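Good morning, colleagues. Please look at the structure on the screen while I take you through a few of its details.

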Amino acid sequence: MMPSSAETGIPDIVRAAAKSGEADRYLASLLSPRRVRGDLIALAAYVAEIRRIGDEVREAPLAEIKLQWWRDALARSEAGEKSGNPVADQFALVVSSHNLPRAKLEDWFDARVHTFYADPPASDAALALELKLLDGIPFAFAARILGNADADENDGVISEAGTAYGFARLGLDYPRALARGRMPLPLSTEPSNAKAYILREARVCLARVKPAFAHATHAQKLALLPLALVEPYLQALERVDHDLTHDLGDVMPLSRVWRIWRARASGRI
């Protein structure tokens, strides 16, 4: 049964943004304690809105201007002003109530800006850092909301989680990046080898994060529940009939729910 806005403490429009744009994080939030469920949904909605910018605005300078509006909205909230956007205003409350570090938000915004432009990552290390920032920082924020007050994207389990999940999401969204005119992999990677590269790097990261997840704190495990989708995402990508350059990968909705629920119940991914 879907929680009502009264249960989550957030507007329907915020919950809808999270559900449609960040389904993995949204489902994970529903399996979290009620006291923070609405805050985690607001985080998922905010991540969804920022991620959506690159898909909706193809011209990089215009996308950066749109992102700047979201940055400014947070700054205005610190001065007690409302932006009028429910997702921005709800997330501003989350930032304030959980003391989410502004410097990390700026790092996350900067990493997103880089994806608006055609320049590919300079190296394998640069790509790993980009993914750690883009997906690791939201994981760290979720852990902070859940009670791990000093969680950081550089923490071992969160760092590996960000890169593993980031590689899987990169594979799923690969056609969108190409449509924006960006090669999301380092130039040293041959286009014909892109799928193999993504699968290899994702599985290396996943192999490292699995034992770390098993020994993670309760807050970290709840924050990292979307990791349960990495393996099925990779299986979807490696299907013989999956064209990485044209097919958007995904899993069946019931499979998504089952995987996240099982990870929550078993403590394993």
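Does A265 count as buried or exposed? The model is predicted, with local features requiring pLDDT of at least 70 and side-chain atom pairs pLDDT 80 or more, while totals for chains, interfaces and linings use all residues. Residues are numbered from 1 along each chain as its sequence is written, and side-chain values use heavy atoms, leaving out hydrogens and water.

A265 counts as exposed because its relative accessibility is 54%; exposed means over 50%, buried under 20% and partly exposed in between, with a 1.4 Å probe and protein chains only. This residue lies in helix 14, and its C-alpha atom is 11 Å from that of K221, 44 residues away along the chain.

Helix 14, residues 253-266, also holds R259. R259 is buried and has no salt bridge, a term for a side-chain nitrogen of Lys or Arg within 4 Å of a carboxyl oxygen of Asp or Glu. The nearest side chain of opposite charge belongs to E231, 6.8 Å away. Beyond neighbours within four places in sequence, R259 is in contact (heavy atoms within 4.5 Å) with A228, L229, P232 and Q235.

I turn now to a pair of helices. Helix 3, residues 23-30, packs against helix 4, residues 34-56, at about 180°, their axes being 9 Å apart. Helix 3 is therefore roughly antiparallel to helix 4, the term for angles over 145 degrees. From helix 3, R25, Y26, S29 and L30 meet R37, L40, I41, A44 and V47 of helix 4. Six residues of this contact are nonpolar, one is polar and two are charged.

Technical notes
Axes fitted to C-alpha atoms, helices over the stretch in contact; angles between N-to-C directions. Helix = DSSP H or I, 4+ residues; strand = E, 2+ residues; numbered from the N terminus. Parallel < 35°, antiparallel > 145°, perpendicular 65-115°, else oblique. Nonpolar A, V, L, I, M, F, W, Y, C, P; charged D, E, K, R; others polar. Lys, Arg positive; Asp, Glu negative; His and termini not counted.
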